[in-house]
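Please open the model in your viewer and keep a selection panel at hand. The tour below moves from one selection to the next and says what is to be found at each stop.

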Amino acid sequence: MVVLPLLGQLADEYGRKPMLLLTISTSIFPFAILAWNQSTGFVYAYYVLRTISYILSQGSIFCIAVAYAADVVEENNRAAAFSWITGLCSASHVLGNLLALFLPEKYIFPVSIALLILSPIYIQLFLVETVKLAPKRDQDSACLAKTIKIIQKRYKSMKDAATIVMNSPTLRGISLVSFFYELGMSGITYVLMYYLKATFGFNKNQFSEILMLVGIGSIVSQMLVLPLINPLVGEKVILCIGLLASIAYALFNGLAWAAWVPFMSATFKVVVVLVRPATYAIISRASSSKNQGKAQGFVAGVESIASLLSPLVMSPLTSWFLSSSAPFNSKGFSIVCASVCMMISLCYACLLKPGVSSSSDLEDDIEAPLLSES
C-alpha cells in the first residue's frame with residue numbers, strides 16, 4: 001500500500017531503469033537461498049526474503065514497466081502496448097507451468113534462477129533510460145539534514161500524487177473502478193480453490209487444467225484481440241466489457257450447480273484479463289508524461305488496499321456458508337457477494353471520460369518545484 005506509490009514516484013524522479021533493476025533483482029535472492037539448501041532454517045529465510053521481495057516487486061514491476069512504455073509509445077498505441085505486456089506475462093505463466101511439469105525436480109530451481117538473472121542483465125544492457133534527471137544539489141549536506149530533507153520530499157511527493165489523482169475526474173474515477181474491481185476479484189481468487197474443492201471435490205489436476213485454459217486464452221485476447229478492437233471502440237468500452245465478463249465469471253462460479261460450470265466460467269476470465277491493460281491505458285492517457293509513475297503507482301496502491309481488505313471478509317464468509325451452520329443453502333454466496341463489487345466498479349466505469357485530462361497543467365505546476373529541489 002505504501003511501497004507501490006513510493007516506487008512509482010521514485011521512477012518519475014530518479015528514472016525507470018534503476019527502479020526496474022531494484023524490483024526485479026529482489027526476486028532472485030529468495031529462490032537462490034532455497035536452491036542452496038532446503039533445510040528448515042533456510043526455508044524460513046526463504047519466506048522472510050520472499051516477503052520482502054513481494055513488498056518491493058508485487059505490482060510495482062508492472063507500474064514501472066507501464067510508465068516506461070508510456071514514455072516510448074505514442075498515446076494512441078499505448079493500450080496495445082500495455083496489452084502486449086500483460087499478454088507476455090500470461091505467456092510466461094503458461095511456459096513456467098510447462099517447464100515445472102516437464103523439468104526434473106532437481107533442475108527447477110537452477111533454471112528458475114538463471115531465468116530470473118537474465119531479466120536484470122537484459123535491462124542493464126539494452127534498456128535506455130527515458131527520464132531526464134535534474135541536476136543534483138546539496139551533495140555535502142550533513143547526514144541528518146539530508147535524511148530529514150528526503151523524508152520531507154517523500155511526504156510532499158506523496159501528497160502531490162494524491163492531489164493529482166483527486167483533482168482529475170478520470171484518475172479519481174479509475175481509482176474507484178480499480179478499488180471495487182480488485183475488492184471483488186481478489187476475494188474470489190483467495191477462496192475459489194477452497195470453495196471448488198469443498199463443493200465439487202476438485203483436485204490439483206483440475207485446478208491446473210483451469211489455469212492452463214485461462215492462460216492460453218488470455219494470451220490470445222491480450223496480444224491479438226485487444227490491439228485489433230481498441231482503435232474501433234476505445235479503452236472505456238474494453239474496460240466495461242471486461243467488467244461485465246468479471247460479473248458473469250463471479251456469478252457462474254458462485255451459483256455453480258455442477259462440476260463442469262467452473263470450467264465454463266473460466267472462459268470469461270479470458271475477457272476479464274482485458275481489464276488490466278485498459279485500466280493502464282486510461283491512467284496513462286489522463287496523466288502527463290512527467291507523472292506516469294506517480295499515477296500508476298497511486299492506483300496500484302488503491303488496489304493493494306482492496307486486496308488486503310477483501311480476504312478479511314471473503315474467507316470467514318466462505319467458511320460460514322460451506323459449514324453446516326449456514327443460514328441458507330448457497331455454498332458460493334461469498335462469491336456472489338463479490339460480484340456486487342464488480343457491478344459497482346462497472347457503474348463507475350460507465351461514468352468515466354477517459355479522453356479528458358484536466359489535470360495536466362496542475363501536474364506540471366506541482367512537479368516543477370520537486371524537480372528543482374532534487
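Select Trp260, which at a relative accessible area of 48% counts as partly exposed. Bear in mind from the start that this is a predicted model. Trp257 counts as exposed, because its relative accessibility is 54%.

Now move to Phe328 and Phe333, whose ring centres are 5.2 Å apart and whose planes stand at 90°, so this pair too is edge-to-face. Phe328 is partly exposed with a relative accessible area of 41%, and Phe333 is likewise partly exposed, at 26% relative accessibility. If you extend the selection to Trp320 and Phe321, you will see a cluster of four named residues, Trp320, Phe321, Phe328 and Phe333, linked by ring pairs. A search of the whole structure finds 16 aromatic pairs.

**The whole chain**

Select the complete chain next and colour by secondary structure, which gives 16 helices and 0 strands. Along its principal axes the C-alpha trace spans about 65 × 55 × 40 Å. The radius of gyration is 22 Å, which agrees with the value near 21 Å that a compact globule of 374 residues would have. Of those 374 residues, 47% are buried, and among contacts with a separation of 6 or more, 83% are accounted for by residues 24 or more positions apart. If you display the accessible surface, its area comes to about 18700 Å², and 69% of this belongs to carbon and sulfur atoms.

**Helix 2 and its cover**

Select residues 16-25, which form helix 2; 7 of its 10 residues are buried, so this helix is largely enclosed by the rest of the structure. Which residues of helix 2 are the buried ones? They are Arg16, Lys17, Met19, Leu20, Leu21, Thr23 and Ile24. To see what covers them, show helix 1 (3-14), helix 3 (28-36), helix 4 (40-57), helix 5 (60-72), helix 7 (105-126) and helix 14 (292-322), which are included in that cover.

**Salt bridges**

Stay with Arg16, and display its side chain together with that of Asp12: the two meet in a salt bridge at 2.5 Å, N to O. Arg16 counts as buried at 1% relative accessibility, and Asp12 is buried as well, with a relative accessible area of 7%. Then select Glu13 and Lys294, which form a salt bridge whose closest N and O atoms are 3.6 Å apart. Glu13 lies in helix 1 and Lys294 in helix 14, so the pair ties together parts that are 281 residues apart in sequence. Both partners are buried, Glu13 with a relative accessible area of 10% and Lys294 at 2% relative accessibility. Widen the view to include Asp71, and you have the network of salt bridges that links Asp12, Glu13, Arg16, Asp71 and Lys294.

For another salt bridge, go to Arg285 and Glu235, where the closest N and O atoms are 3.0 Å apart. This pair links distant parts of the chain, with Arg285 in helix 13 (residues 275-285) and Glu235 in helix 11, 50 residues apart. Arg285 is buried with a relative accessible area of 18%, below the 20% cut-off, and Glu235 is buried with 7%. The structure holds 8 salt bridges.

**Along helix 11 to Ser246**

Follow helix 11, which covers residues 235-254, until you reach Ser246. Is Ser246 buried or exposed? Its relative accessibility is 0%, and therefore Ser246 counts as buried. Leaving aside neighbours within four places in sequence, you can show Tyr181, Met185, Val272 and Met342 as the residues with which Ser246 is in contact.

As a last stop, select Leu176, Val340, Met343, Ile344, Tyr348 and Leu351, which together make a nonpolar surface patch of about 490 Å². Which helix gives the largest share of the nonpolar patch? That share, 4 residues, comes from helix 15 (residues 333-350). Ile344 is found in helix 15 and counts as partly exposed, because its relative accessibility is 31%.

Key:
Residues are numbered from 1 along each chain as its sequence is written. This is a predicted model: local features need pLDDT of at least 70, side-chain atom pairs count only at pLDDT 80 or more; totals for chains, interfaces and linings use all residues. Side-chain values use heavy atoms; hydrogens and water are left out. Helices (H or I, at least four residues) and strands (E, at least two) are DSSP runs, numbered from the N terminus. Buried means under 20% relative accessible area, exposed over 50%, partly exposed in between (1.4 Å probe, protein chains only). Contact means heavy atoms within 4.5 Å. Patches are made of residues with over 30% relative accessible area and no salt bridge: like charges are joined within 9 Å, nonpolar side chains (Val, Leu, Ile, Met, Phe, Trp, Tyr) within 5 Å. Accessible areas come from the Shrake-Rupley method with a 1.4 Å probe; for residues, only the protein chains shown count as cover. A salt bridge is a side-chain nitrogen of Lys or Arg within 4 Å of a carboxyl oxygen of Asp or Glu. Rings of Phe, Tyr and Trp (its six-membered ring) pair if their centres lie within 6.5 Å; planes under 30 degrees apart count as stacked, over 60 as edge-to-face and the rest as tilted. The radius of gyration is taken over C-alpha atoms; the globule rule is 2.2 Å times the number of residues to the power 0.38.
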